[in-house]
Each structure stands twice: as structure tokens, then as C-alpha cells.
Number of protein chains: 2
Amino acid sequence: MSSSPQPTAIQDLYPEHLAHCYGCGRLNEQGHHIRTFEEDGQTVSEFTPDASHVAVPGFVYGGVIASLIDCHSTATAAAAMAAASGQPLARDTGRPPPRFVTGSLHVDYLRPTPLGETLVVRGKAREIKGRKVVVESTVYAGGVATARGEVVAVLMPDNFGQT
Amino acid sequence: MSSSPQPTAIQDLYPEHLAHCYGCGRLNEQGHHIRTFEEDGQTVSEFTPDASHVAVPGFVYGGVIASLIDCHSTATAAAAMAAASGQPLARDTGRPPPRFVTGSLHVDYLRPTPLGETLVVRGKAREIKGRKVVVESTVYAGGVATARGEVVAVLMPDNFGQT
């Protein structure tokens, strides 16, 4: 039986030792497995919250929405920095995309996000300043914007966590 | 066998239909069960991340830190609003504390948060403006501040989610 090849998410290109993130790491068995794709000059992630990801019954927990914006934004930053340096985002190039950490995260909750739908996040890098990328994202449920995020993503230092 | 009574967390006082939050709901079996206490004019929460709550190996995922700040802050807002109206925060008063939702969440990640420690969040309501409470919080790991948060918490409308 054959199947069509799966599209490659930005997170699929993170090297193994940086692929354990609870939000988006493909190697984290308990995590959310958020996956982000480039599409028409934007980035897009889709995520379907579990029944347990509730704020009050019927609505999605804000911490899960913040997580979605967080990982979507660091992936968007990686794609933007790769593009700015002419690096192709593809498998088997021998050069993984740059990996970002979150310097700051801001989320405006515009309205309650209904549970039971696949959420779509659309984002864009607004600015690259040295090692920082500012990313703006919007979360949609059933086509309606329910949260808006701004993340300052910072290129992960080689000695991350050692100081 | 008798045991000393457990201290009452602010979240223990939320009514049952508002106690399902993934971050802090006592009735959410899969959730984080964040619990917040009043202490010396501040609020304090303690939370020990799971081994899976990782950003890169050895460090806590930013989305979990955002969740901790989120639920800590809505509880702090509840306590502040209750105090402002002279309402005691105690069991069996017949009057649960007001319940807040998050209008906006801002987190500055000051340094990587090491995994394997119990994190402590300390917060304070900075301002009450009508239905809104602005809460500032700091997350500590081993006594070192690793993240700072500001949340604008909004009194939950009676018709929450109906519009």
C-alpha cells in the first residue's frame, strides 16, 4: 500500500536534540505536536484541542491558546530567518533551520474560543532585528478571530541554559 | 487516622461549574491543578512541571509558564476583587469569589527555567478598574526569577460564551 508523502512542517526540520518541546516537539510523546507550514507568504498551524483543554465548559483554555501562539511564532521566526539568509526550508539539506526561543509573549483574547473545532493560526514575521524576530499571529475558530498574539522570538544561543 | 485540614486555595472556592479549567480546575482530571494562596499581602502558587513539560531538554516549556501565570493571575484578581468588596475568602460562606477570565496575557521570559524544581509564582493585583484587575506576577525557580507576567483579568460575564 502506498501513500502520498506528508507535507513537511517547519518543526519536522528541527534537529533531534531540539525536537522535544511540549508544544511542538515531534519527539515529545505527551505534547501538543503543533505543526506549522508556510503558505502564501504566511505561516499556518492547525490544532484541535482535546476535550480536557477547557477553560470553562465549551471553551478552550487560554494557556493552550498561548502555547499555540508560542510554538507557531518560534517556527515562523525560524522560517523568516532562514528565508532572509537564503536558506531553503527542506529536508536533507544538511542544515536545519535556526531554532528560536521566546523572549516575550503577548496574547489578547478577543472572544471565547469554542472547544470542539480545529483552530487555525496564521502568522507573519513583522520584523527581523539582529537575533530577534517579531511575529504577529491570529487564532481563528470556525473562521472567526478569537485571539491575537505577538511574540519576540530570539535566536537560541549555542550555550542555551548554560549560564 | 486523622489529618490536619488542608489549607484552602482560591481555586477551591470556585463553584463546581467553573472548576474545570485545564490550568487550575480541581475537577479537570488531566489538568495542571494550579493552586493559589494568599500570603502576606501577596498571592503564591507552587507548581512542579512534569518531565514532559520541556522546551529543550532540561528546561521548562514557555507555554506551561504562561499557563501558570494565567491561572495564578485570575485567582489573584478574584481575591483582590473579593477583598475590595469586603467579601471573605472562605469555604461555606454561600458566596463564591468572583470568577475572572483573561483579557490579555504578557510574559517576559527572563532566563531559561530549569526543569525538576518546584516553581513558585508570587503576584499582586496592581490596579482594579471597574470589571478589570491588572495583576503582576513573577515566576521563581530555586529562588531566581525566570519569568515575569502581566495579566489583565476581566470579571466573567454572566452570559460568558453566549455571544
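# Strands, symmetry and burial

Visitor: What makes strand 4 of chain B and strand 5 of chain B a pair?

Guide: Strand 4 (residues 119-129) of chain B and strand 5 of chain B are joined in the antiparallel sense over ten bridges, as read from a model that is predicted. Pairing asks for at least two bridges found by DSSP, so these ten are enough to call the strands paired. Within this pair, Val121(B) stands opposite Val139(B), and the hairpin that the two strands make has two residues between them, with Gly130(B) taking a positive phi near 60°.

Visitor: How do you know that strand 5 of chain B also pairs with strand 6 of chain B?

Guide: Ten bridges join strand 5 (residues 132-141) to strand 6 (residues 144-155) of chain B, running antiparallel, and since two bridges would meet the criterion, the conclusion is that they pair. Tyr140(B) has Ala145(B) as its bridge partner, while Val133(B) faces Ala153(B) across the pair. These strands likewise form a hairpin with two residues between them, and Gly142(B) in the turn has a positive phi of about 60°.

Visitor: What makes strand 1 of chain A and strand 1 of chain B edge strands?

Guide: The sheet is open and holds twelve strands in the order 1(A)-2(A)-4(A)-5(A)-6(A)-3(A)-3(B)-6(B)-5(B)-4(B)-2(B)-1(B), with antiparallel pairing. Strand 1 (35-39) of chain A and strand 1 (35-39) of chain B each pair on one side only, and they are the edge strands. On average, neighbouring strands of this sheet are turned by 25° against each other, direction ignored. Strand 3 of chain A and strand 3 (residues 100-109) of chain B are joined by five bridges and run antiparallel, with Val107(A) opposite Leu105(B).

Visitor: How do you know that the two copies are related as by a two-fold rotation axis?

Guide: Chain A superposes on chain B through a rotation of 180° with 0.0 Å of shift along the axis, at an RMSD of 0.0 Å. The two copies are therefore related as by a two-fold rotation axis. In chain A, His106(A) has the C-alpha nearest that axis, at 2.2 Å.

Visitor: Why is Lys132(A) called partly exposed?

Guide: Lys132(A) has 16 C-beta neighbours inside 10 Å, whereas a residue needs 20 or more to be buried and 12 or fewer to be exposed; the count falls in between, so Lys132(A) is partly exposed. Lys132(A) lies in strand 5 of chain A, and, leaving aside neighbours within four places in sequence, is in contact with Gly103(A), Val152(A), Ala153(A) and Val154(A).

Visitor: Which residues have the most contacts inside the largest nonpolar core?

Guide: They are Leu68(A) and Leu68(B), in a core of 88 residues. Not counting residues up to four places away in sequence, Leu68(B) touches Ile34(B), Ser45(B), Phe47(B), Leu119(B), Val121(B) and Val139(B). Val139(B) belongs to the covered face of strand 5 of chain B, while the uncovered face includes Lys132(B) and Glu136(B).

How values were computed. Residues numbered from 1 in each chain as written. Chains lettered and ligands numbered in written order. Predicted model: local features only at pLDDT ≥ 70, side-chain atom pairs only at ≥ 80, totals over all residues. Core = buried A, V, L, I, M, F, W, Y, C linked by C-beta atoms within 7 Å. Contact = placed C-beta atoms within 7 Å. Least-squares fit on C-alpha atoms with pLDDT ≥ 70 in both. Helix = DSSP H or I, 4+ residues; strand = E, 2+ residues; numbered from the N terminus. Axes fitted to C-alpha atoms, helices over the stretch in contact; angles between N-to-C directions.
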